[in-house]
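Biologist: Let us go through this structure term by term. I want each label tied to its cut-off.

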Amino acid sequence: MAVLTTGKRVRWTVIDVIVVVYALVPVLWTLSLSFKSKATIGDGYFIPQEWSFQSYLDIFQTNDFLLALVNSIGISLIATAVAVVLGTMAAYAIARLDFPGKAALVGFSLLVAMFPQVSLVSPLFSIERSLNLFDTWPGLILPYITFALPLAIYTLSAFFREIPWELEKAAKMDGATPGQAFRRVIAPLAAPGVFTTAILVFIFCWNDFLFAISLTATTRSRTVPAALQFFTGASQFEDPTGQICAAAVVITIPIVLFVLFFQRRIVAGLTSGAVKG
Amino acid sequence: MSLTVDAKHRATAKPVLSEGKRAERRLGLLLCAPAAIVMIAVTGWPIIYSVWLSLQRYDLRFPGKQEFVGLTNYVTVLSNGYWWTAFGTTALITVISVAIELVLGMALALVMHRTLVGRGLVRTVSLIPYGIVTVVAAFSWKFAWTPSSGYLATLVGPNSAVLTEKVSALSAIILAEVWKTTPFMALLLMAGLALVPDDLLRAASMDGAGGWQRFTKVMLPVMKPAILVALLFRTLDAFRIFDNIFILTGGSQGTGSVSMQTYDNLIRGLNLGIGSTMSVLIFIAVAVIAFVFIKVFGTAAPGSDSGRR
């Protein structure tokens with residue numbers, strides 16, 4: 001069926017190039033700005049005329065960026081770990097077990113997925129201040145887990161439905177309890193799905209800006225997306241463009257790595273969760 | 001353990017769930033409990049608290065003056081021009097960007113699904129806008145529009161001030177939003193495309209249907225559920241727009257969304273009462289959008305099947 005005539009090949013190549021340009025131009029622009037020297041950063045050229053690593057040296061020499069980076073990594077990793085563990089448990093139950101309240105749980109997670117996050121900002125701001133959670137790691141981790149859970153539950157229960165469950169039955173016949181069947185037989189089979197979900201959840205947490213800027217006040221818990229606002233450059237009057245771009249490039253690296261190495265998984269995860277539900 | 005023993009005793013009298021079934025139910029509840037508790041604790045309780053806050057005069061700059069004021073805050077917000085400007089802006093951005101995303105997303109989905117050259121490459125680069133931190137992309141657009149030093153500003157003209165005039169600023173915001181979320185839309189649509197049977201397309205082709213006819217008469221009807229789900233998700237998401245506006249214009253020139261307004265009242269204005277009122281109003285607006293999609297358009301909410309299955 002796939003007979004490639006030269007004409008077709010050329011046409012598809014042109015279309016592919018358009019897509020690649022579309023997707024990469026803003027990223028390359030940031031990359032370019034981050035490598036421009038201070039003197040040439042305002043020259044308007046898309047490709048740096050004078051290459052310099054100064055912006056990178058600058059951000060790694062001040063605490064602002066490093067602390068924010070540590071916050072971003074720590075908060076995202078913890079939130080991802082917790083959300084994936086809780087999501088895996090719930091998704092297993094939804095995909096496999098018969099119990100009262102299942103439909104309610106699925107419906108409720110759908111509600112949470114559609115929930116306008118900004119509606120939570122006011123009450124959480126107030127609640128977290130009185131619980132001393134404001135401007136702390138848990139203060140961000142909690143909302144992240146909450147909004148990551150529907151994503152985790154949907155994606156995982158879609159993956160779990162594809163698993164050959166006869167194996168579980170066989171294990172039960174051999175005398176395993178449902179709990180044992182879960183841990184010994186299904187968990188290893190489910191690992192790829194869990195891993196994919198972890199990537200999606202991590203990207204979600206890594207991305208957040210609204211909670212990060214509303215529920216933090218200092219470098220104690222401010223993540224990179226929120227911290228970028230507060231870059232001032234080495235002196236107060238210096239233009240921080242180069243440093244913002246350098247920091248932006250640094251926090252884009254993990255995303256690019258995920259996409260390069262796990263493209264297939266991410267596509268499968270996003271589509272299975274949303275459509276097959 | 002005592003429970004199971006108990007069950008065995010009673011089993012003689014009346015039919016009770018088998019031991020395995022009981023264990024299954026218990027395990028199911030146990031496994032779901034933590035997720036359910038976290039979600040309820042972090043969304044359910046705060047939204048109720050937020051309704052209560054919205055009925056108070058509560059300004060953190062004057063904490064002593066907190067008192068119950070009924071619906072006064074709602075009257076204040078709803079009779080305020082700024083709120084309605086923000087609401088109109090949000091609705092406008094939502095409708096235009098989702099419409100563009102649907103068209104572009106469909107084109108991209110077709111490319112990703114059918115391209116004969118470099119399919120992996122196309123799918124990989126498309127995921128970059130999806131995965132990139134919104135704030136990072138927003139800064140890229142902002143610097144691109146910065147007069148004289150940005151490539152887009154240079155393209156538009158020497159005296160361009162795109163981000164400081166309402167119409168052009170809104171266009172820039174929509175462009176940033178569309179760039180970022182079209183790939184996600186395309187992925188959702190691609191999953192729908194995969195459901196279109198090749199045989200059906202070939203049969204239509206044999207019957208003399210052209211490319212456009214096959215698209216409108218065969219593909220679109222099969223894809224309708226996927227399209228509706230994608231539209232629902234993107235509409236709700238676009239309605240919450242915040243990051244791009246915050247970075248690109250900071251909400252000036254009437255480009256602020258309802259989320260921006262809420263943030264401004266809460267964090268900058270420290271007015272918890274008004275901020276919460278806006279939170280509740282946005283919640284209601286989103287609920288209405290979801291209701292319209294699910295009840296009026298008959299969107300099969302993802303997961304609604306699995307509950308029954």
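Modeller: Start with a helix pair in chain B. Thr134(B), Ala137(B), Ala138(B), Trp141(B) and Trp145(B) in α6(B) meet Ala172(B), Ala176(B), Trp179(B) and Lys180(B) in α8(B). This is a predicted model, in which local features need pLDDT of at least 70, side-chain atom pairs count only at pLDDT 80 or more, and totals for chains, interfaces and linings use all residues. Residues are numbered from 1 along each chain as its sequence is written, and chains are lettered from A and ligands numbered from 1 in the order in which they are written.

Biologist: What makes two residues a contact?

Modeller: Their C-beta atoms, placed from the backbone, lie within 7 Å.

Biologist: Why is α6(B) called oblique to α8(B)?

Modeller: Helix α6 (residues 134–145) of chain B and helix α8 (residues 166–193) of chain B pack at an angle of about 140°, with axes 10 Å apart. That angle makes α6(B) oblique to α8(B). Under 35 degrees would be roughly parallel, over 145 roughly antiparallel, 65 to 115 roughly perpendicular; the rest is oblique. The axes are lines fitted to C-alpha atoms, for helices over the stretch in contact, and angles run from 0 to 180 degrees between N-to-C directions.

Biologist: Which hand does the crossing of α3(A) and α6(A) have?

Modeller: α3(A) also passes α6(A) in a right-handed crossing. Their axes come within 6 Å and cross at roughly 35°. That contact has 23 nonpolar, four polar and two charged residues.

Biologist: How many helices and strands does chain A have?

Modeller: There are 11 helices and zero strands. Both are DSSP runs, numbered from the N terminus: helices are H or I, at least four residues; strands are E, at least two.

Biologist: What share of chain A counts as buried?

Modeller: Of its 277 residues, 51%. Buried means that 20 or more other C-beta atoms, placed from the backbone, lie within 10 Å of the residue's own.

Biologist: How many residues does each chain give to the contact between chains A and B?

Modeller: Chain A gives 91 residues and chain B gives 85. α11(A) gives the most to the side of chain A that touches chain B, with 17 residues.

Definitions and conventions. Buried ≥ 20, exposed ≤ 12 C-beta atoms within 10 Å, placed from the backbone. Left-handed = near helix turned anticlockwise from the far one by under 90°. Nonpolar A, V, L, I, M, F, W, Y, C, P; charged D, E, K, R; others polar.
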